[in-house]
Structures are given as structure tokens and as C-alpha cells.
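Thanks for coming. I will take you through one structure this morning, and it is on the screen now.

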Amino acid sequence: MIAPAIELARHTAVPAVRVRGLSKRYGDLEAVRGIDLDVHSGETFGFLGPNGAGKSTTINILCTLTPPTAGTAQVAGHDVVLERDEVRRHLGLVFQDTTLDDYLSAEQNLRFHAELYGLPKTIVPERLRTVLEMVGLWDRRLSLVGTFSGGMKRRLEIARGLLHSPRVLFLDEPTVGLDPQTRSSIWGYIRELKKSEAITIFLTTHYMDEAEYCDRIAIMDAGRIVVLDTPEALKQSVGKDVVQIRTADDDAAMEALGRVFHVAPVRRDGVVSFDVAEGERFVPRLFAELGVPIRSVSVARPSLDDVFISFTGSTIRDAEASTADKMRAHPFVRRTRT
Amino acid sequence: MSVSLVESSHIVVPVLVPERSFRNDLRAIKIVWHRDIIRFWRDKPRIVASLIQPILYLFVLGSGLSSMIPAGRGVPLRTFLFPGVISMSVLFTCFFSAGSLVWDREFGFMREMLVAPVRRGAIVAGKCLGGATAGVLQGALLIAIGGLVGIPYDPVLIATLLAELLLLSFALTAFGVLVAVRIKGMQSFMAIMQMLLMPLFFLSGALFPLNGLPGWLTVLTRLDPLTYAVDPMRRAVFERLAIPTAGVTWGGAAVPVPVELGIVAAMSIVALTVATAQFSKAD
């Protein structure tokens, strides 16, 4: 039976990813500056940050493609430098840029992968079908990958990354450059994966709304991890919720808000707004105790964009623009890749 | 089976990736080879295009130069050229095959291979076998038209030529891979290949006999590894046609065919070993 093994993997004490004092230096450029990180088994972990923050370098180190300059990293309990093959057996990878062979069919691409990973021949057909059906490409399995759209290729790469049942699946910008519909279907697969396989998902993304789906997120900036927590906790750490109400009598409402709830409301364009912790829980009390008829109410939570701004001092887009400026200022600094 | 597995709409059967073993390295070699064959076979225009150059050499150059030689003397030039032209054709096919490694790097597929739990040597070996197979197929097509230039369709001769072609193709691909492993762009690969291919080809005796040359040229031709691949094929053809030939000589003594083939085999092993070492270091 396979189930006990899954349970073991899910509850194992070994973290899926464990990083201690990891650094990577390219000449004068210190891409990663001593980071510590633990990713629990079974969680979906988001890795955020502008380009040039060191995300890709970190992923390359975790995937055994780049040796670190200092520090250690373990994936599925195996050291990425000393036990490269063990790590490779346990990880699945979906890169930002396609790594499919356009001149092979979808199925041939997957078979190549199955052979390279030495999967038992008897289970390959079933496994192939499972992953292809999961991403909705079973009917297109005989088509050449060169005829696929960007979204289909990404789905096929995800299927391929899962073919060998990795313990940790790395997704580097899995939805970048895709239309909203494909983006949401890819997130559908990711959520389904969490239900059906004992898998840890480690992903990088630019999209703050996608980071919300993660169990925990880390924000990386200039080679360091600036903060690591659940999306909820991060948003709460940034500030209170903003509650906006429209009332029958704004003056009375303003007075009551200060007197009953001890908040400092502001009135603008017929809307009274104020900050409060845990806005959703506050609303019932507001209706019960304000004593002024309320016509409408809205609660806005701080977004992860706000979180990003507060920890890195800029929005993710501004941060990228400034990185680009730095790159232009130093024409000899090139993006290093393997 | 746990409840969560049954509930989900897609029941996923987990598999375990086995530990790295010699058997799995063989599977990796086979699939890398297989991919190359699929791609070679799909690319029919490339096969046709690569036949044009040897046919030009054989019929246009061969026939044109023949008119300078008085009839009835010596070996028909086209028969003489045949082994050299096959070698040339294989040279291009194999180097192009090795170049696919550079393409793979440019188009990302290389990463798929690099993160797999297999020896880098298995990938290199698979590539070399793929190029070798492509080379032999290319050679076989030329042997098929060999009758037009007086090459008899003798099973023993054909088998000998194909076996020697296999060795040559493997060696050439290994050499090509050795170059391709460290190169990042297709442009520079092409440039370097042109630089290497032409001297290899011209000095190999593919186009002219290697005996009675000026001293400096004699030395250079003896240093060209391709010399030791062209000569055995020419000897096989001449032997079948009962034409006497001295073959390649070292200081006047003919080099035996097994020694020549041994040199080619040794070169391919060296190239393969160095290429593997470079490839393992490349990341």
C-alpha cells in the first residue's frame, strides 16, 4: 500500500527545504546574502521579490544547478551539494522559460522524462495518463509541442514536473505571461495537487494576488529575506483594516464612533472612514452599538502590495524599475544563468 | 488508500524514483539517443540537403577533374573520391548533431537533462550514439548510390564500410560534443566548427592521395585523425576492386588498418572522456 508512505511524507519531521546561512557571490555581486529558511513538508510556500532580488539564484542552488558560495541547503532532507542525486530524485521543476522539446510530441517529452528518471516501465503509461489528464492535455498528447500555446506548454511542464512524484515541486513564475483564464486554471491544478499528493510547493511569483494562495510567503530583497510569515499575519503586521460607512447622519456617526469605539474617523465626500483591527469582526458590533442608521459599509484589508511596500520601501513594479536602472548603470553586470 | 486520495477527482498514483544505477544510466543513454533519432528522422529536408554537397563533390568535381587525367590510367577519380566524400558528409552530419547540444542550451531543454538524477556521462554518451547513428544512416544513403561511381554492391564491403563509418561517426560526434559543451551560442559554435572542419577535411586525404607529398604536408596529414578513418575505407574499396594501394605510411612503412582504426577509437575515447568531464563541470 502506498498510503502509509504518503502519510509519512506529509508528517515527517524533516522540513521539505532547510536553508542556513546561504550565500552566493558572482565576483563582486553578492546575489544571495546569507539567508535562513525552513519550508514545512506539505505547504505551499511563496517566494516574492523583484527581479534581481536573488530568487532565481536561490532556486538554482536548491535545484543543484548552482553551488552556493557559503552556507548549506537541504531539500527533502538531502544536502544540495553533497547529495545532489538524492535531491534531484526528489524534486520537480518548472522553470520560467520553457524547457520542452518543440520537435517532440507532448507524450514523447514526458516519456523522455520518465526514462531519464528511471521510472518503472510498468507504471509509466498510467502515470503519464494521470498527469496529462490533470492538466487537460490528454487529447493533445500526440501533438508536437511546437504547436502548443504558451499556456499549454506551461501546463505540460507542470505535468512533466509531477511525473516522478517529487517531494518538492519548484515553480519559478508559473503564471508569468499567461492570460487570466490560464492563470486561474494553473492555480486550480496547484490547489488540487495539494489535496491529492503529498507534495510541497515552492513557488516564486510577481503577482501579489497569487501570493495570497500560499500558506506562507517570504519576501526577498537585495539578496536577503526581509520577512517570512503567513499572508494573513503579514497583512495584519502592516496595518489595520479600513472601514468605510455611509450613514443617515454623518455628524452623529462621527461623534458616536469616537465616543463608543475610540477610533478617529475621517469624513470625505459623504463617506466616513476609520482604521480598525480585524474589520470583519468589528462590523457586527458597529451595527449593534453605533445608534445611527448605516446605509452601506465596506471593509478593505491591507493587500500584499501594502505588505511589499512596507517591507521593501517600494511596490514590486517600482522595485523592478530601479533594479533595471542599476543594471543600466553597470553595463558589465549581466544576469547570470546556467 | 487514504480518504483524501479517493475524494480528489484525479487519483494520483505516486511513484518512487529509483536510486541511480548502471541500468538507469543505460536507460538515460538510450532515451537521449532515441530523441536524437526521432529528431533526425523528422527532419527530412536536412537529410536531403546534406546529400547535395557530397553528390556535388562526387559527380561535379569528380567528373570535372577526371577530364584532366588521361583515360585508362590509374584509378577512376570518382571511385577514389568516394570514401573521402562519405567521410566529409559524415563529418558535417555528426558535427551538426553535436551542435544540437548548443541548441538545447539556448532553448532551455538542457536544463531538463541537467536536473535529472543521471550521470552527465550518460547524456554525452547518448548524444554521441545519436550522432553516430545519424552519421551511419547518412553514409548508408551514399553507399546506396555508390554503384554510380563504380562501387560494387558487395555485402562484405558494405558491412566493412558501415562498421568503419560507425566508428568514425562516433569519434566525430564525440569531438563535436567536446567543442559544443563549453559554447553558449549557436553562432559561435558554427564559426568554430567551420574553422575546425575544413582543415580536418582537406588534410585527411579525402581529395588526394597522401603519398609523395611535400614533407611539411606529409607531416600535417599524418597528424589529422580523420586521415586514419578515410584510409581504411579507401583500402576496403580498393581491395574489393583489386587495385593496389599503399595506404597511409609512417616513414615509408604502411600503417596496418587495425592500427588506424585503433587510433580513431582512441581519439573518440579521449574526446568522450574530456567532453564528459567538461560537461560535468559546466554548471
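I will start with confidence, then go through chain A, and finish with chain B.

Please keep in mind that this is a predicted model. For chain A the mean pLDDT is 84, and 88% of the residues come out at 70 or more. Within that chain, helix α4(A) has the highest confidence, at 95, while helix α1 of chain A, residues 3-11, has the lowest, at a mean of 48. Two stretches need caution. Residues 6-11 of chain A have a pLDDT below 50, and this stretch makes ten contacts in the model beyond near neighbours in sequence. Residues 324-338 of chain A are also below 50, with seven such contacts.

Now the layout of chain A.

Let me turn to one sheet. In chain A there is an open sheet of four strands, paired antiparallel, in the order β12-β13-β11-β14. Which strands stand at the edges? They are β12, residues 266-268, and β14, residues 294-300, of chain A; each has a single partner strand, so one side of each is left without a neighbour in the sheet. From one strand to the next, the twist averages 25°.

β12(A) is joined by three bridges to β13 of chain A, residues 271-276, and the two run antiparallel. Within that pairing, Arg267(A) sits opposite Val272(A) of β13(A).

Two helices pack on this sheet. Helix α10 of chain A, residues 250-261, touches β11, β12 and β13 of chain A, and its direction makes about 15° with that of β13(A). Helix α11 of chain A, residues 279-289, touches β11, β13 and β14 of chain A, and its direction makes about 165° with that of β14(A).

Next, a single residue, Thr99(A). You will find Thr99(A) in the loop between β6 (91-94) and α4 (106-116) of chain A. Is Thr99(A) buried or exposed? There are 23 other C-beta atoms within 10 Å, and the cut-off for buried is 20 or more, so Thr99(A) is buried. What is Thr99(A) in contact with, leaving aside neighbours within four places in sequence? The list is Glu157(A) together with Gly108(B), Phe109(B), Arg111(B) and Glu112(B). Glu157(A) lies 58 residues away from Thr99(A) along the chain, yet their C-alpha atoms are separated by 7.8 Å.

The secondary structure of chain B amounts to eleven helices and two strands. In sequence order the pattern is α-α-α-α-α-α-α-α-α-α-β-β-α. Along its principal axes, the C-alpha trace of chain B spans about 90 × 35 × 35 Å. Chain B has 283 residues, of which 42% count as buried. Of the contacts in chain B between residues at least 6 apart in sequence, 82% join residues at least 24 apart.

One helix of chain B to end on: α6, residues 120-144. How far apart should the ends of α6(B) be? With 25 residues at 1.5 Å a residue, α6(B) should span 36 Å, and the C-alpha atoms at its ends are 36 Å apart, which agrees. α6(B) is also mostly covered, with 19 of its 25 residues buried.

That is the tour; I will take questions.

Technical notes:
Residues numbered from 1 in each chain as written. Chains lettered and ligands numbered in written order. Predicted model: local features only at pLDDT ≥ 70, side-chain atom pairs only at ≥ 80, totals over all residues. Buried ≥ 20, exposed ≤ 12 C-beta atoms within 10 Å, placed from the backbone. Pairing = 2+ DSSP bridges. Axes fitted to C-alpha atoms, helices over the stretch in contact; angles between N-to-C directions. Expected span 1.5 Å × (residues − 1). pLDDT = per-residue confidence, 0-100.
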